Each structure stands twice: as structure tokens, then as C-alpha cells.
Amino acid sequence: MVCKSWYEIERWCRRKVFVGNCYAVSPKMVIRRFPEFRSIELKGKPHFADFNLIRLKRMVVTDESLELIAKSFKNFKVLVLSSCEGFSTDGLAVIAASCKNLKELDLRDCEVDDLSAHWLSHFPETYTSLVSLNISCLGSDEASFSALERLVGRCTNLKTLQLNRAVPLDKIANILRHAPQLVEFGTGTYTADVRPDVYSDLAGVFSSCKELKSLSGFWDVVPDYLPAIYPVCSKLTSLNLSYATIQSPDLIKLVSHCPNLQRLLVLDYIEDSGLEVLASSCKDLQELRVFPSDPFGAEPNVSLTEQGLVAVSLGCPKLQSVLYFCRRMSNEALVTIARNRPNFTRFRLCIIEPKTADYLTLEPLDVGFGAIVQYCKDLKRLSLSGLLTDRVFEYIGTYAKKLEMLSVAFAGDSDLGLHHVLSGCESLRKLEIRDCPFGDKALLANAAKLETMRSLWMSSCAVSFAACKLLGQKMPRLNVEVIDERGPPDSRPENCPVDKLYIYRSIAGPRFDMPPFVWTMDEDSGLRL
Amino acid sequence: MELQLGLALPPPPLIPIETFHLNSYGNYETREALGSNALSWPLLKLGPADNDINNIHHHNSSSSSSSSGGGAGCKKRSFDEAPFFDEKRNVPKTLHLLLWTNQPNDEDDDPSNVLHENSSSAIFKNDGEGLVGWPPVKTWRKKVHHQIPNGGAENNRLPAVENGIGGRASKSTYVKVKMEGVPIARKIDLSVHHSFEGLTNTLMRMFGISDGNRKIFKLTYQDREGDWLLAEDVPWRTFIRSLKCLKLIRSRG
């Protein structure tokens with residue numbers, strides 16, 4: 001709490017508002033508190049909702065809402081919708097038509113009802129303020145390229161442009177010609193019949209982009225067209241090839257041209273060999289994400305193992321953030337990684353098959369992850385996988401003092417595991433757990449901890465309905481939501497585990513927009529049921 | 001008496017703690033510290049029986065004491081010794097079901113059965129297609145993989161349509177709903193509904209129609225051919241597959 005004067009000053013001066021959980025505070029409250037804000041970033045769904053764990057759409061932004069924003073805030077400058085849905089291009093059209101001062105429109109990871117690409121034409125001819133546009137999530141089959149070209153052409157301050165897959169390769173050259181000042185560019189589909197004229201056009205236009213630092217897109221890549229970006233590679237700091245279904249040799253060639261790379265997103269086609277090249281070429285690498293090309297295949301389809309991660313950890317002194325999908329891991333590799341790269345702030349490892357043991361010793365990976373939390377003292381985010389007992393949680397509770405977000409799946413033996421985390425991780429803000437044998441005891445014993453966190457998600461665990469009711473009753477500043485598609489939780493015995501549980505702190509009270517299979521446990525729940 | 005809740009470390013727990021299993025670890029102060037010897041693997045000094053947590057205190061007692069373990073130890077110590085948040089408060093009867101016992105795995109009567117049932121069914125929820133939401137790869141990434149030119153997934157099955165609504169051109173499951181007399185249309189997510197009753201309940205709530213007034217309204221929908229039809233005249237699956245938008249109209253006579 002600050003003194004009143006500071007409160008008032010802050011209130012009237014704040015231009016940017018970030019709401020990490022849209023249900024933690026009501027719009028009325030935000031508006032009342034920050035009457036002069038110019039930019040708002042809203043986040044809705046809990047992270048695990050991205051993976052089909054719930055059908056519930058937690059952050060619905062309707063066209064009506066967009067219309068309301070557009071009509072109410074004539075000078076609106078920045079709109080960033082992260083993992084939202086419920087709106088269509090109709091809503092976007094209203095934003096485009098009304099927000100004359102809009103500088104940034106970023107629809108990252110949204111699911112948009114693509115009714116028509118013509119919404120782009122709703123930006124008036126007089127509109128020139130666009131600085132950042134991210135429409136990579138849009139699908140539309142018909143695309144209004146001329147409207148896009150004209151928009152890009154007149155917005156001379158445009159720095160970020162991320163197109164959607166529908167924009168064909170041969171249109172990119174025209175668009176880029178209008179915007180040689182771009183710093184971040186996301187292509188559309190990167191495939192076309194190989195034609196020399198298209199190629200040289202593309203290569204030429206990339207050469208003129210002297211400020212380009214970040215590239216993404218690259219859906220459906222045809223390797224022959226990749227060298228067109230070589231002119232910009234030496235300046236690239238960020239490269240997102242996570243949709244590029246090209247093989248290791250092509251990836252290696254590309255990556256070898258990018259000595260200043262700081263951020264790389266790529267599919268596991270890069271393989272261990274490619275990561276070794278990365279480790280020797282890109283000494284400035286800070287963030288690496290390796291996604292699975294065939295996540296549901298039973299057998300490995302590529303030669304990507306723990307060795308690739310070890311190579312990069314050893315070779316890249318600035319590496320601090322990793323998301324790595326692979327099929328095998330060892331404690332030895334993890335300890336090596338931890339000892340050599342204590343500067344990790346984000347470490348997310350997903351061993352594809354749940355409960356996979358150390359492939360060398362067949363032991364749990366407790367000690368390996370323990371080393372990660374022990375050596376990486378600034379670790380803020382951690383995702384666990386593989387065979388893990390309560391022991392790993394003891395290590396985490398003991399050492400991970402700066403940890404803010406923890407993701408756990410198919411791990412642990414008992415409530416002790418959860419207790420270690422809740423009682424030990426002082427900086428914990430978000431905890432998401434699925435398919436772990438954690439139940440009532442640890443949760444209730446650490447109920448107060450939950451108020452110090454943004455949220456807790458537990459699905460397919462062992463928390464009983466009775467415990468949920470108790471929590472809801474005793475903790476008025478928490479929203480305790482039980483999500484269960486089997487029907488009302490009180491139609492089953494009280495000690496029956498709930499399917500999904502989402503607990504978050506809120507000053508807005510229980511929400512009222514839930515679908516029929518979500519129940520809020522509130523103060524009355526103990527008396528009512 | 002209100003709970004003493006602050007933003008500091010968790011104060012005394014919500015429920016009384018009798019004994020806590022952690023105490024069987026023995027003396028926390030003897031836990032191995034990281035130390036300056038970066039080449040050793042302090043965690044791996046614990047022997048092969050490590051995975052049995054009951055044995056840990058045996059190993060710990062032989063290692064050198066340090067101060068860094070003391071932090072964790074002190075916290076856990078006070079956790080056990082701290083008074084209940086209000087010693088004078090009457091503990092409601094229900095809490096007796098949720099007391100800590102010596103064995104954290106000690107399940108009360110039935111839950112263990114229920115748990116096992118649920119955990120096994122949870123794993124194969126997706127009707128044999130594998131785990132729901134695992135590996136944690138976003139929907140649009142799943143779609144990428146089905147276009148792998150060589151060596152990729154052999155079965156060309158389409159990304160699982162989450163809600164069983166087939167044949168919809170766009171991937172969104174939201175449809176517009178209008179109510180007669182109300183200028184602003186709303187949107188509703190069809191994927192969360194499986195019956196006319198559920199859908200109607202949601203619509204009534206959305207438009208603030210009381211139970212008493214429900215009968216006044218009828219649900220109609222416009223199908224792909226542009227015709228307006230009464231929703232309840234067709235089976236649910238037909239309705240879901242062919243509807244483009246919904247409208248609540250006042251029934252006449």
C-alpha cells in the first residue's frame with residue numbers, strides 16, 4: 001500500500017494496464033481506478049486451457065465488446081488480445097473503422113471467427129498511425145491483399161507486421177516493398193512453385209529491409225525459397241521457424257547464417273546435429289523453443305534427444321529460456337545442463353511420454369530437476385515431465401525461491417509433493433497441475449498461500465468436493481471454481497474428487513458468465529449443499 | 001473470527017495439523033547445502049534408497065550441517081508448532097474428516113477407490129485416442145503436423161474436432177443469437193452444449209428471461225440454406241450441423 005498522494009498520482013498517470021486474469025478484477029474497477037489509461041492488455045484462460053483440457057472459453061471477447069471499445073475510446077491506441085476468442089472479423093472491422101489513433105493491434109494466439117478479410121478495408125484511407133499489426137492467427141481464405149498493401153503503404157511508421165497464412169509468397173514482395181522500415185516481419189505461407197522471377201523479387205525486397213531483426217511465419221516452407229532471406233540473416237535476432245516443416249540440413253544452413261540470433265523457435269526437425277551447429281554458431285542465443293513435429297507418434301520420427309539440449313546449454317553462454325519437447329532424458333544430462341547454465345530463468349521440459357524414467361538408469365528424474373532448481377537460482381518458470389516422485393517437489397520447495405510459475409503433470413506420489421511446493425516456493429504466482437495424486441490435505445493446509453498467488457489449476461487430481469466447499473467458504477477473497485462435466489458436484493459423494501479445479505484470487509467476487517458445468521464455491525456453499 | 005491472512009508467507013494452516021509427515025525427516029538443519037564445491041553433485045550423494053522418502057533422514061544426518069538448509073527447516077518447524085489461526089474458534093465438525101495424519105497417503109474410506117477409477121479413466125478420456133491435452137501442444141500446432149511431407153504421422157486423421165460439430169467451415173463454435181426486440185446480438189458457444197435444454201437454459205440466462213417468461217419465447221434457427229426453422233422440430237445433431245445463427249422469437253398464440 002502506498003500513501004494516498006502516490007495512489008492518486010499513479011492513478012491519473014497510468015497509461016498502460018495489464019490484467020493477468022480478467023476475472024480478478026472487474027472492468028468497472030479498472031476504469032474507475034485508471035481513468036486515463038490508453039493501453040490495456042487482458043489475459044483470460046488459464047494456461048492449461050490451451051490444450052483442450054477444458055471446453056470452457058474463459059476469455060470471450062465478443063464483437064459487441066469490440067464495438068463498445070471502439071465507440072467509447074475514440075483515441076484508443078493499443079489493443080493486444082492474447083489467447084482470446086469469441087469475436088469475428090466483424091468486430092475487427094469496427095475497431096479498424098473507429099480507432100483513428102490505433103497504433104497497435106495484436107491478436108496473438110486468438111481464435112477469430114473469420115467471416116471476411118475485408119475488415120482490413122475498414123481502416124480509413126486517412127488512417128496512418130499503425131505501428132504494429134499481428135494478424136497471424138487469422139485464417140481467411142479470401143484475403144484482401146490490395147487493402148493490406150495500401151494500409152502498409154500509408155502507415156510509414158509500421159515496425160511490426162505479422163501476416164497470416166493466407167497471404168501467398170508472391171504477394172509478400174509487394175507488401176515488403178511498401179515497408180522497408182519493418183523491424184519484425186511474419187510471412188504468410190512460404191510456398192510457391194519455384195520460379196526465378198519470384199525468387200529474385202523476394203530476395204531483392206528482403207535486401208532492402210535494413211532494419212529487419214525478427215522473422216516468423218514460414219508456413220509450408222519450400223526450401224528453395226529460404227536463401228531469399230539470407231541478406232537479412234546476419235542482423236536477425238529472432239527467428240520463428242516453428243511452422244517450417246523442413247529438415248535438418250536446410251535448418252542448419254539457415255541457422256549458420258544467423259550469428260546474432262538471440263531467439264529461435266523451431267521444430268524438432270532440427271535434430272541433435274542441428275542444435276550442435278546452433279550451439280557453435282549462435283553465441284548470443286538467449287531463448288530456444290523446440291516443438292515436436294509428431295507429438296502423437298509412438299516412436300521418435302527424428303533424431304532429437306537430450307543431447308541437443310545439452311549441446312546448446314554448454315555452447316550458448318547467454319541461454320536463459322528453454323522450451324524443449326523430446327522423448328528421452330537423463331538425470332546426468334539435466335545435472336550437466338544445470339551446472340553449466342545456472343542462468344536459466346525459464347526451463348520447460350516436456351518429455352512426450354508421461355512418467356518416462358531416466359533412460360540410462362531407469363530412475364525418476366527427481367535429481368535432475370533438483371539440480372536445475374538448485375543451480376539456477378533465478379529460475380522463474382519451470383515445467384516438469386518424466387517420472388517424478390515427491391522428492392522433486394521437496395527440491396523445488398527448498399531451492400526454487402524465485403519460482404513464479406510451475407507446471408506439473410503426471411508426477412508425485414502424495415500430498416506431500418504439493419505441500420512442499422505451496423509451503424516452500426515463496427515467489428509462486430501460478431501453479432498448474434494435472435493428473436497428480438494431490439488431494440485435500442496439502443491444499444487446505446496451505447490455503448492462505450493461495451491468496452498470495454494469481455491462480456491454481458488442478459485437473460484430474462484428488463481434491464474432493466468437500467475440500468473445495470470448505471475453501472470457498474473460508475476464503476472469501478478466492479474464487480474457487482469446480483469444473484465438472486459429469487454434472488453437479490453435489491450429485492456425487494462429498495469425498496469424490498472433482499474433475500477440474502481453478503482457484504484464483506479476485507476482488508471482483510464470483511463471476512456470472514460460466515457455462516453450466518462450472519460451479520463457484522462461495523461462502524454459502526457450505527450451508528446450501 | 002477472521003482468518004489472519006496477509007501477503008507474507010503462509011501463516012498457520014486452515015485445518016489443525018496433528019503430526020506432519022515431514023517431521024519424520026528428522027533435523028532439517030542437517031540438510032546438505034549447495035556449498036562452494038560446484039563440481040560435486042550434492043543431491044546425488046544420497047544413495048540408491050533415496051526414492052523412499054522415509055529413508056532420507058538417515059542420509060541427512062550423516063552429512064555436514066549448514067545454514068542454508070536452516071531456512072527451509074525453520075519454516076517447516078514453525079509450521080508444525082504454530083497455533084491454529086484461532087485457538088478459541090470452534091472447529092466445525094466437517095474438519096474432522098480432513099485432519100492430517102502421519103501418513104499423507106492415508107486415504108479416507110472411499111476416496112481411494114474413487115480416485116483410482118477416476119485417474120485411470122482420466123488417462124484415456126479421449127476414447128482411446130490418447131490423453132486429453134497431452135502433450136501440451138496448441139491446437140494449431142497439431143494441424144501443422146498433419147502436413148508433414150515425409151516420415152510424419154501416417155494416419156491422416158483430422159485434428160480432433162473438440163465438440164463433435166462436424167462440417168463447420170470456420171473453426172469457431174460461436175454463433176450469433178438475436179432476441180426479438182433486442183437490437184444487439186449476442187454470441188454463444190455451441191461446443192459447450194449437448195442438448196436443447198442446456199442451450200435454452202444458457203440463452204434464458206444470457207437474455208435475463210425469468211423461468212416464468214420462458215414459455216413466451218421460442219428458439220428458431222437459420223440453416224445453411226437461409227431458411228428459418230423451429231429448433232425443437234429437429235434432432236439435436238441435425239440442428240447443430242445445419243445451424244448458422246439463432247433467434248429467440250415471441251411465440252404467437
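**Confidence**

The model scores ipTM 0.81 and pTM 0.72. Chain B has a mean pLDDT of 53. In chain B, 34% of the residues reach 70 or more. Where pLDDT is low, the predicted coordinates should not be read in detail.

**Helix pairs in chain A**

Two packed helices are described by the angle between their axes and the distance between the axes.

| Helix pair | Angle | Axes | Classes of contact residues |
|---|---|---|---|
| H5(A) (145-154) and H6(A) (169-177) | roughly 25 degrees | within 8 Å | four nonpolar, one polar, two charged |
| H12(A) (331-340) and H13(A) (366-375) | about 5 degrees | 7 Å apart | nine nonpolar, two polar, two charged |
| H14(A) (390-399) and H15(A) (415-424) | roughly 5 degrees | within 8 Å | four nonpolar, four polar, two charged |

Start with H5(A) and H6(A). Their axes cross at roughly 25 degrees. Angles under 35 degrees count as roughly parallel, so H5(A) is roughly parallel to H6(A). H5(A) passes H6(A) in a right-handed crossing. Which residues of H5(A) meet H6(A)? They are A:Phe145, A:Leu148, A:Glu149 and A:Val152. On the H6(A) side stand A:Lys171, A:Asn174 and A:Ile175.

Next come H12(A) and H13(A). They pack at an angle of about 5 degrees, and are therefore roughly parallel to each other. H12(A) brings A:Asn331, A:Leu334, A:Val335, A:Ile337, A:Ala338 and A:Arg339 to the contact. H13(A) meets them with residues including A:Val367, A:Phe369, A:Ile372 and A:Tyr375. By class, nine residues of this contact are nonpolar.

Then there are H14(A) and H15(A). Their axes cross at roughly 5 degrees, which means that H14(A) is roughly parallel to H15(A). A:Asp390, A:Phe393, A:Glu394, A:Ile396 and A:Gly397 make the contact from H14(A). From H15(A) come A:Leu416, A:Gly417, A:His420, A:Val421 and A:Gly424. This contact has four nonpolar and four polar residues, plus two charged ones.

**The sheet in chain B**

Chain B holds an open sheet of five strands. Their order is S2-S1-S5-S3-S4, with mixed pairing. Which strands lie at the edges? They are S2(B) (186-189) and S4(B) (228-230), and each pairs on one side only. From one strand to the next, the twist averages 35 degrees.

Look at S1(B), residues 174-179. Four bridges join S1(B) to S2(B), and the two run antiparallel. B:Lys176 stands opposite B:Lys187 in S2(B). S1(B) and S2(B) form a hairpin with six residues between them. In the turn, B:Gly181 has a positive phi of about 95 degrees.

H5(B) (residues 196-206) lies across S1, S2, S3 (217-223) and S5 (243-250) of chain B. H5(B) runs at about 150 degrees to S2(B).

Most residues other than glycine have a negative phi, and most peptide bonds are trans.

A:Lys355 has a positive phi, near 60 degrees. A:Lys355 sits in the loop between S15(A) (346-351) and H13(A). A:Phe410 also has a positive phi, near 50 degrees. The place of A:Phe410 is the loop between S17(A) (405-409) and H15(A).

Is the peptide bond from B:Trp134 to B:Pro135 cis or trans? The bond is cis, with omega near -5 degrees. B:Pro135 lies in the loop between H3(B) (111-123) and H4(B) (139-145).

Technical notes
Residues numbered from 1 in each chain as written. Chains lettered and ligands numbered in written order. Predicted model: local features only at pLDDT ≥ 70, side-chain atom pairs only at ≥ 80, totals over all residues. Heavy atoms only, no water. Axes fitted to C-alpha atoms, helices over the stretch in contact; angles between N-to-C directions. Parallel < 35°, antiparallel > 145°, perpendicular 65-115°, else oblique. Contact = heavy atoms within 4.5 Å. Nonpolar A, V, L, I, M, F, W, Y, C, P; charged D, E, K, R; others polar. pLDDT = per-residue confidence, 0-100. Pairing = 2+ DSSP bridges. Left-handed = near helix turned anticlockwise from the far one by under 90°.
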